[in-house]
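The sequence and coordinates are shown first, and the description follows.

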Amino acid sequence: MREIVACFKWVIDEAYIRRGPGGDLDLSAVNYKISDYDRNAIEEAVRLKEKCGGSITAVTVGVPEATRGIKDALSRGADRAVFIADALFAGLEPSQTASVLSEAIRAGTQFDLILCGEGSSDLYAQQVGPRLAEKLGIPCICYVQKLDVEGDLLTAERRVEEGVEVVEAKLPALVTVLPDINTPRIPGVKDTLTASKKPVVTVTAAELKSIAEARLKTTGITAFRMERSCERFGTDDKEITRFVGALRKKGVI
Amino acid sequence: MAGIWVYADNPSLTLELLTAASSIAEGLKTGVAVILSHDRDRAQDYIDCGADEVFLLPPLSGDRSAGDYAPVIADAAREKKPDAILVAGTSGGKEIAARVAARLDTGLCGNCISMSVEGDSLVMDRFLYGGAAVQKVAFMAKPALATIPPRAYEPSRPTPGRQGEVEELPAPPISGIKVAGSRGREKRTEDISEAQVVVCAGRGFEKKEDLAMAREIADLLGGSVGCTRPVSEELHWLPEELCIGLSGIEVKPALYLGIGVSGQIQHVTGIRDAKIVSAVNKDENAPIFAVADMGIVGDLYEVLPKLISALKKAKG
């Protein structure tokens with residue numbers, strides 16, 4: 001294996017999202033993270049590099065603040081990073097993200113294998129991987145739970161409705177990974193220190209030919225609300241009996 | 001000419017998509033077409049169930065993958081210009097939808113949870129942030145593509161005497177992907193998506209053997225056992241097929257009982273259609289209580305034995 005590209009997205013950590021008093025979305029106290037399944041993509045790149053050699057480029061498209069994600073990706077084991085950064089890249093929809101990635105990768109990043117998470121924690125549109133493969137004209141294997149590379153042949157186990165399918169493809173190819181493909185390691189202090197010495201290439205919107213128009217327009221975002229009665233019960237025998245009585249009254253037992 | 005196309009990898013999902021397509025076809029003043037790969041000799045059945053046209057995909061040899069159909073579907077859409085293509089949201093469906101959308105340079109609403117026609121345009125809803133928010137989207141290009149989660153619509157039923165056209169699509173070019181083998185899902189688990197009672201085991205359980213208590217309660221209630229993502233993915237106590245959540249199985253039982261479940265948003269989104277949500281958790285601030293109809297705040301190791309005996313008593 002020669003060149004592995006791991007794509008990742010720097011996203012809002014949904015655990016910090018609150019619902020405002022009017023049912024609006026309160027993002028005032030949010031933190032950010034590398035999208036969960038993209039961590040599996042980076043980890044899989046590191047795992048393959050340990051087995052077959054080669055080097056890893058982490059690539060992301062985002063706003064300039066996503067630079068923290070670059071450092072995180074490098075401390076997780078990428079050798080270098082390509083940061084396609086511009087304030088214009090806030091809120092890109094998947095077709096735009098895929099075309100920006102493909103243009104930037106074509107312009108200056110070598111690849112034999114591209115790894116993506118199966119979907120992002122924020123949009124979970126599950127599109128950027130397969131769209132990017134189409135743009136680059138390479139085979140695409142999605143929802144992979146086990147991956148192996150021998151020479152220029154990759155073998156992947158991908159999850160399908162009926163079970164598992166084992167597929168083969170010649171490199172270069174793109175693979176999207178499921179969370180159970182591996183357990184991402186947690187970077188240590190030494191990893192973080194080394195990360196700051198690794199090379200980062202920044203690409204701005206002005207250096208790309210043009211940014212494609214959005215094909216999907218977001219016309220509204222509202223907090224999702226479940227109306228539930230929130231009745232509380234205690235743990236003594238009387239309360240447990242009341243709980244079972246309530247289930248019976250509701251007709252579920 | 002049929003303006004709404006549907007594509008699914010199997011017959012039951014095709015029938016569900018026909019229901020979805022019919023719900024918007026009238027508003028868009030157009031017909032419905034089925035792109036059929038799996039049971040080609042049953043084209044008339046789909047016409048009976050609402051299709052005005054059926055496009056037959058040629059069968060593939062065993063070492064080829066259904067993903068190979070992406071260029072054929074995209075070419076047909078380029079030629080016939082449908083308004084929308086609805087694809088069943090299985091793993092294969094989601095991949096093919098994204099690839100067709102990329103080829104047609106158009107928008108795709110992944111995991112659509114509802115759709116309607118406003119004026120003469122399609123509007124769809126989908127979840128954001130693991131289900132914490134709902135995103136409304138409009139399409140800026142045609143065709144509008146969407147993936148529809150399985151079981152979101154009832155299967156369409158036949159209306160006798162319907163007529164429709166059948167057309168063959170060309171064979172797909174050879175792709176770089178070869179299917180070398182496959183194995184079926186091990187039949188070690190039941191399908192919890194249709195269970196009337198779901199008892200869900202969360203991280204609150206201290207060891208695998210203790211899940212027997214969840215199983216006992218499920219048996220008493222005539223239900224099935226599911227779990228949260230950490231229980232299947234990190235602890236491997238239960239198989240992946242029992243993992244409930246936005247990226248796992250979505251359940252819609254009459255009763256959901258979460259035991260030791262904290263209530264992370266991705267999980268909660270997967271139980272949103274439960275009629276009654278109940279929970280046992282020792283942390284009174286656990287998010288699950290905010291989305292539960294009935295909550296017992298207490299240590300599951302204290303509560304479950306009592307609950308088991310109360311349920312036995314209630315059953316006589």
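## Terms and basis

A residue is called buried when its relative accessible area is under 20%, exposed when over 50%, and partly exposed in between, with a 1.4 Å probe and protein chains only. Helices (H or I, at least four residues) and strands (E, at least two) are DSSP runs, numbered from the N terminus.

The model is predicted: local features need pLDDT of at least 70 and side-chain atom pairs count only at pLDDT 80 or more, whereas totals for chains, interfaces and linings use all residues. Residues are numbered from 1 along each chain as its sequence is written, chains are lettered from A and ligands numbered from 1 in the order in which they are written, and side-chain values use heavy atoms, with hydrogens and water left out.

## Chain A overall

Chain A contains six helices and 15 strands. Its C-alpha trace spans about 70 × 40 × 40 Å along the principal axes, and 55% of its 253 residues count as buried. Contact here means heavy atoms within 4.5 Å. Among contacts in chain A between residues at least 6 apart in sequence, 68% join residues at least 24 apart.

## The sheet

An open sheet of ten strands with mixed pairing has the order β13(A)-β7(A)-β6(A)-β1(A)-β8(A)-β12(A)-β9(A)-β10(A)-β11(A)-β11(B); two strands pair if DSSP finds at least two bridges between them. Its edge strands, each pairing on one side only, are β13 (200-203) of chain A and β11 (177-184) of chain B. From one strand to the next, the twist averages 25 degrees.

Within the sheet, β6 (residues 55-62) and β7 (residues 80-85) of chain A run parallel and are joined by six bridges. In this pair, A:T60 stands opposite A:F83 of β7(A).

## Strand β8(A)

Five of the five residues of β8(A) are buried, so the strand is largely enclosed by the rest of the structure. In a regular strand the side chains alternate between the two faces of the sheet. From β8(A), A:L113, A:L115 and A:G117 point one way, while A:I114 and A:C116 point the other way.

Strand β8(A) runs parallel to β1(A), with three bridges between them, and A:A6 faces A:L115 of β8(A). Five bridges link β8(A) to β12(A), also in parallel; there A:G117 stands opposite A:V177 of β12(A).

## Helices across the sheet

Angles run from 0 to 180 degrees between N-to-C directions, and axes are lines fitted to C-alpha atoms, for helices over the stretch in contact. Helix α2 (residues 67-75) of chain A lies across β6, β7 and β13 of chain A, at about 165 degrees to β7(A). Helix α4 (residues 128-136) of chain A lies across β1 (3-7), β8 (113-117), β9 (140-150) and β12 (173-177) of chain A, at about 180 degrees to β12(A).

Helix α4(A) is mostly covered, with seven of its nine residues buried; among them are A:R131, A:L132 and A:E134. After α4(A) comes A:G137, which has a positive phi near 70 degrees.

## A helix pair in chain B

In chain B, helix α3 (residues 70-80) packs against helix α4 (residues 91-104) at an angle of about 45 degrees, with the axes 9 Å apart. This angle makes α3(B) oblique to α4(B), since angles under 35 degrees count as roughly parallel, over 145 as roughly antiparallel, 65 to 115 as roughly perpendicular and the rest as oblique.

Residues of α3(B), including B:I73, B:A74 and B:R78, meet residues of α4(B), including B:I96, B:R99 and B:V100.
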